[in-house]
Amino acid sequence: MELWYSEEHTPDVSLSIRIDRQVYTGESDFQKIDVFDTTEFGRMLTLDGAVMLTEKDEFIYHEMMVHVPMAANPDIRRVLVIGAGDGGVIRELVKYPYVEKIDLVEIDGQVVDVCRQYFPALTRGFDDPRVKLYFEDGVRFVRRCEEEYDLIIVDSTDPFGPGEGLSTREFYGSCYNAIRDNGILVNQHETPCYGKYAEVVFREHRKISKTFPVARVYQAHIPTYPSGHWLFGFASDGIEPINDRIEQWNELEIQTRYYNTELHRGCFALPNYVKDILEGC
């Protein structure tokens, strides 16, 4: 008998992936957690029925969340990561020898436990001595911070359920207060392709634009995310994402599978239909 996992992206569109077996299923205090082995995408993590990552394409998302801001500001030393209990963002951050401090705030400790067990290659960065894990609400955590970080990465789920508080104007204001001079905020911005997601793109960018002097949007192609066309937000109190310092990143000789500095410059060139969505912000 064939087994298939299906995620509804809209009432008229679903993504279906053949699975070999279900490796894990459980319910935390916050969400349902499942791990599958799939024929095409390798091992896959889902939360509340939505694909969070697969072994085949997770590197695209995680590299674009980390290396874009790190290349834009080579002076980043202190980093706060909110969400990202799967470990992918941390794995990329610990590649930078000059980063001094990485704080990870994850509301659901069970996600970390599951990923440590079933995605060991993804979570190896948790063992770096610069990394400290906090299992608490990211909204409350960042509210206590004042000019403490050079970079904040918000790797949240969709802006409802456990991730709802990470998309408010108040939260973005707390992030602005928590960054130091030339600090950067990066978060995921959903897909512009489908109507309900495009509304989220507009709302999130509008809120960030009203908080940060610099607010830009960039993109990547992630096959297992809705539509495959995914957006990210880049916000700062002064640094533009494309600047003269980007090429310094190549001197670090960091190994990546997706990100490079040519792509960095190109990913901020948005299609007209995305510009139209953002136009009213």
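Which residue of β7 stands opposite isoleucine 82?

Mentor: Isoleucine 82 stands opposite valine 105 in β7. The model is a predicted one, and the description that follows should be read accordingly.

The two strands concerned are β6, residues 78-83, and β7, which pair in the parallel sense over five bridges. Strand β7 spans residues 101-105, and four of its five residues are buried, so the rest of the structure largely encloses this strand. As a general point, side chains in a regular strand alternate between the two faces of the sheet.

The side chain of lysine 101 meets that of glutamate 148 in a salt bridge, with an N to O distance of 3.2 Å. Because lysine 101 lies in strand β7 and glutamate 148 in the loop between α4 (138-143) and β9 (149-155), the pair ties together parts that are 47 residues apart in sequence. Glutamate 148 is likewise partly exposed, at 23% relative accessibility.

On the other strand of the pair, one may follow the chain into the loop between β6 and α2 (88-93), where alanine 84 lies. The phi of alanine 84 is near 65°, a positive value in a residue other than glycine. Most residues other than glycine have a negative phi. Alanine 84 counts as buried because its relative accessibility is 3%. In contrast to alanine 84, which is buried, glutamate 253 counts as exposed at 65% relative accessibility.

The helix α2 covers residues 88-93. The side chains of arginine 91 and glutamate 92 meet in a salt bridge of 2.9 Å, N to O, and both residues are buried. These two also take part in a network of salt bridges that links Glu58, Arg91, Glu92 and Lys95.

The structure holds 21 salt bridges. One further example joins lysine 56 and glutamate 40, whose closest N and O atoms are 2.4 Å apart. This pair links distant parts of the chain, 16 residues apart: lysine 56 is in the loop between β5 (50-54) and α1 (58-72), and glutamate 40 in the loop between β3 (32-38) and β4 (42-47). Lysine 56 is partly exposed at 40% relative accessibility, as is glutamate 40, with a relative accessible area of 48%.

Elsewhere, positive charge gathers in a patch on the surface, formed by Arg169, Arg203, Arg206 and Lys210. Lysine 210 sits in the loop between α6 (195-209) and β11 (214-221). Its relative accessible area of 54% makes lysine 210 exposed.

To return to the request: isoleucine 82 faces valine 105 within a parallel pairing of β6 and β7, and β7 is itself largely enclosed by the rest of the structure.

Definitions and conventions. Residues numbered from 1 in each chain as written. Predicted model: local features only at pLDDT ≥ 70, side-chain atom pairs only at ≥ 80, totals over all residues. Heavy atoms only, no water. Patch = residues over 30% accessible without salt bridge, like charges linked within 9 Å, V, L, I, M, F, W, Y side chains within 5 Å. Areas by Shrake-Rupley, 256 points an atom, 1.4 Å probe, with all protein chains shown as cover. Salt bridge = Lys/Arg side-chain N within 4 Å of Asp/Glu carboxyl O. Lys, Arg positive; Asp, Glu negative; His and termini not counted. Charge placed at Lys NZ, Arg CZ, Asp CG, Glu CD. Buried < 20%, exposed > 50% of the residue type's maximum accessible area, 1.4 Å probe, protein only. Pairing = 2+ DSSP bridges.
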